[in-house]
Amino acid sequence: KLIKDGGAEKQEYYDIIFSEINRIEQVLNELLLLSKPAEAVFLEKDLKESCNHVITLLETNAVLNNIQIHKNYDTEPIFIYFDENQIKQVLINMIKNSIESMPDGGNIFVSIYEKYGEVFVSILDEGEGIPENSLQKVGEPFFTTKSSGTGLGLSVCFKIIEKHGGKVFITSELKKGTKIVCVFPTVQPKDHGGNENVQGLKRH
């Protein structure tokens, strides 16, 4: 359409087209990866990289709804032992819930950090919030606050997090927003046949 409407300099239009085609390709690759039914494969991987992929996948949807997704973490990798497809599915579900909770737009803040031998993933939105009497039921099968929801999304997420040795904490305030924190164990340092202890105090 841009080219059809004319303009003195067309090169920038081609740049936009190629840039968006690359973006579409990246999103399609993510969708194909997620749609493959496969056995759970637990590997030591960078959680931040997987989270970046998910944000790229959902960013366009967010912007169309006047929502900005902010990444509150640096580029240093944080490794945990996880099935990438399953954890991506969890993050997609949770961020989509945040997007849907803000019909008038707003902000989503995604934080990842390591503390006390655990990895924390926090998703904070400025949405409508969850009523206090519903908060304790969140994650139960078939419970939902959405008119068209099945109530299985978060239930499946909680099961996946549990399988990864993780925990979920939810806090919410009506008309102010919701915060979901997922806590995972960090990858334990490997003991190389007893030749080196964890603190590195003794080496042979």
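**Close-up 1. The salt bridge between Lys176 and Glu173 in the predicted model**. In this predicted model, the side chains of Lys176 and Glu173 come together in a salt bridge, with 3.6 Å from N to O. Lys176 has a relative accessible area of 57% and therefore counts as exposed, because the label applies to values over 50%. Glu173, with a relative accessible area of 46%, is partly exposed. Elsewhere, salt bridges with shared partners connect Lys45, Glu84 and Lys88 into one network, part of which is the subject of the next view.

**Close-up 2. The salt bridge between Lys88 and Glu84 in helix α3**. Here the side chains of Lys88 and Glu84 meet in a salt bridge, for which the N to O value is 3.6 Å. Both residues belong to helix α3, which covers residues 84-100, and because they are 4 residues apart in this helix, about one helical turn separates them. Are these two residues, Lys88 and Glu84, buried or exposed? Lys88 is buried, and Glu84 is buried as well.

**Close-up 3. The salt bridge between Lys48 and Asp74**. Lys48 pairs with Asp74 in a salt bridge whose closest N and O atoms are 2.6 Å apart. This pair links distant parts of the chain, since Lys48 lies in helix α2 (residues 47-64), whereas Asp74 lies in the loop between β2 and β3 (79-82), 26 residues apart from it. The relative accessible area of Lys48 is 5%, so this residue is buried, while Asp74 has a relative accessibility of 48% and therefore counts as partly exposed. The count for the model comes to 5 salt bridges.

**Close-up 4. The parallel pairing of strands β2 and β4**. Which residue of β4 is the bridge partner of Gln68? The partner of Gln68 in that strand is Asn107.

**Close-up 5. The antiparallel hairpin of strands β4 and β5**. Strand β4 is also joined to strand β5 (residues 118-125), and in this case the two strands run antiparallel and are connected by 8 bridges.

Definitions and conventions: Residues are numbered from 1 along each chain as its sequence is written. This is a predicted model: local features need pLDDT of at least 70, side-chain atom pairs count only at pLDDT 80 or more; totals for chains, interfaces and linings use all residues. Side-chain values use heavy atoms; hydrogens and water are left out. Two strands pair if DSSP finds at least two bridges between them. A salt bridge is a side-chain nitrogen of Lys or Arg within 4 Å of a carboxyl oxygen of Asp or Glu. Buried means under 20% relative accessible area, exposed over 50%, partly exposed in between (1.4 Å probe, protein chains only).
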